[in-house]
Amino acid sequence: MIDHVSRPVAVVTGAAGDIGAAIAAQLAETHRLALVDIDLAALDASAANLRKAGADVTIFRCDLTRVQDLSDLAIGVQKLGKVSVLINNAGAAAALSLHSMNAENLAVDLSLNLEAALNCFKAFETALIDSGDGNLINIASVNGLSSLGHPSYSAAKAGLIHATRAIAVEYGKHGLRANSIAPGTVKTQAWKAREAANPGVFEDALSWYPYKTLPEPEDIAAAVAFLVSPAARCITGVCLPVDSGLTAGSTALARTFTQSTDFDGY
Ligand SMILES: NC(=O)c1ccc[n+]([C@@H]2O[C@H](COP(=O)([O-])OP(=O)(O)OC[C@H]3O[C@@H](n4cnc5c(N)ncnc54)[C@H](O)[C@@H]3O)[C@@H](O)[C@H]2O)c1
């Protein structure tokens, strides 16, 4: 029999999505779960799967871009007990290019991908400090490290990576660690429209990855589990790419620059 009550609470936002659900499944091994999403039906389904596997799950419908909803969320979650982990995972990209960007989709990108994550951190700031061993993980993106389209989403994710460092620097004295993760291409519902436009989109993407495997939601979850674990107790302020080498460099460009056949066959 698992003693759930003595376990601290982990908050996972965007938990109805594919990466969020995988992170929740992983953290269920060590934590009680407070799962947050704007999509209540999908969140319910996600929670039901986790409960079947023995997880202790409470769900909270919340629009993370509404600051008032965040304080209500924090009050509700703290009734569950000590909150030691916050995973800011909810995110999505709106503007495709700078040319198609306008004031409206720029605001959407910044609001969800940067402001909501920081406001959510602020909502749980005291709880994370009081836990004595708080952990914040912000799910960023390779787009926050390199220019790969979706410019305002990317700018928000770059800002999130920087803000994570700032949190690590300011809150280390409270025993709080803050890290970000930059996933590469992960096949999730977020890709549905692009897959419909180009059924070969994942094969096309894969051709750019030095290590010839696209990350799965479980690979992002494994990185989260490591970063919140005692094994990472001296790791804070970093951005960990889970990107099969995408941001390490380009095999094709290395071939062009060196003219060496050592870079062929990829
Ligand atoms: N899938 C990828 O290729 C990829 C790559 C890099 C980074 N990421 C990042 O990983 C995270 C998860 O992405 P995913 O692919 O699982 O996406 P997803 O679309 O499967 O899940 C995102 C979830 O966030 C929720 N959400 C959206 N707006 C919300 C709001 N205002 N309030 C509360 N919840 C809201 C959605 O309902 C959804 O359940 C995102 O931050 C994304 O930017 C994904």
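This is a predicted model: local features need pLDDT of at least 70, side-chain atom pairs count only at pLDDT 80 or more; totals for chains, interfaces and linings use all residues.

1. Let's begin with the pair α3 and α4. Helix α3 spans residues 67–78 and helix α4 spans residues 103–131; they pack at an angle of about 35°, with their axes 9 Å apart. Their crossing is right-handed. On the α3 side the contact is made by V67, L70, L73, A74, V77 and Q78. Helix α4 brings A116, N119, C120, A123, F124 and A127 to the contact. Sorted by class, the contact has 10 nonpolar and 2 polar residues, with no charged ones. As a reminder for reading such lists, an α-helix has 3.6 residues a turn, so residues three or four places apart point the same way.

2. Next comes helix α1, residues 18–27, whose buried residues are I19, G20, A22, I23, A24 and L27. What covers these buried residues? Strands β1 (9–13), β2 (32–37), β4 (83–88) and β5 (135–139) are included in the cover. Helices α2 (40–52) and α8 (217–228) are also included.

3. A search of the whole structure finds 1 cavity of 30 Å³ or more, and the largest cavity has a volume of about 70 Å³. There are 13 lining residues, and T13, N88, A90, L112 and A117 are the closest to the centre. Helices α4 and α5 each supply at least two residues of this lining, with the largest share, 5 residues, coming from α4. By class the lining of the largest cavity has 8 nonpolar, 4 polar and 1 charged residues.

4. For the open spaces, I picked the second largest pocket, which holds about 250 Å³ of space. It is lined by 18 residues, and those nearest its centre are D133, N135, V228, S229 and P230. Helix α1 returns here: α1, β4 and α8 each supply at least two residues of the lining. The classes of this lining are 6 nonpolar, 8 polar and 4 charged residues.

5. Finally, is R165 buried, partly exposed or exposed? This residue lies in helix α5, residues 151–171. R165 counts as partly exposed because its relative accessibility is 40%, between the cut-offs of 20% for buried and 50% for exposed. The C-alpha atoms of R165 and L35 are separated by 25 Å, and the two residues are 130 residues apart along the chain.

Notes:
Residues are numbered from 1 along each chain as its sequence is written. Side-chain values use heavy atoms; hydrogens and water are left out. Helices (H or I, at least four residues) and strands (E, at least two) are DSSP runs, numbered from the N terminus. Buried means under 20% relative accessible area, exposed over 50%, partly exposed in between (1.4 Å probe, protein chains only). Axes are lines fitted to C-alpha atoms, for helices over the stretch in contact, and angles run from 0 to 180 degrees between N-to-C directions. A crossing is left-handed if the near helix is turned anticlockwise from the far one by less than a right angle, and right-handed if clockwise. Contact means heavy atoms within 4.5 Å. Ala, Val, Leu, Ile, Met, Phe, Trp, Tyr, Cys and Pro count as nonpolar, Asp, Glu, Lys and Arg as charged, and the others, Gly among them, as polar. On a 1 Å grid over the protein atoms alone, a cavity is a set of points where a 1.4 Å probe fits but cannot get out, and a pocket is an open set with protein on both sides within 12 Å along at least five of seven lines; lining residues have an atom within 4 Å of a point. Grid points are joined across faces, edges and corners, and a volume is the space filled by probe spheres set on the points.
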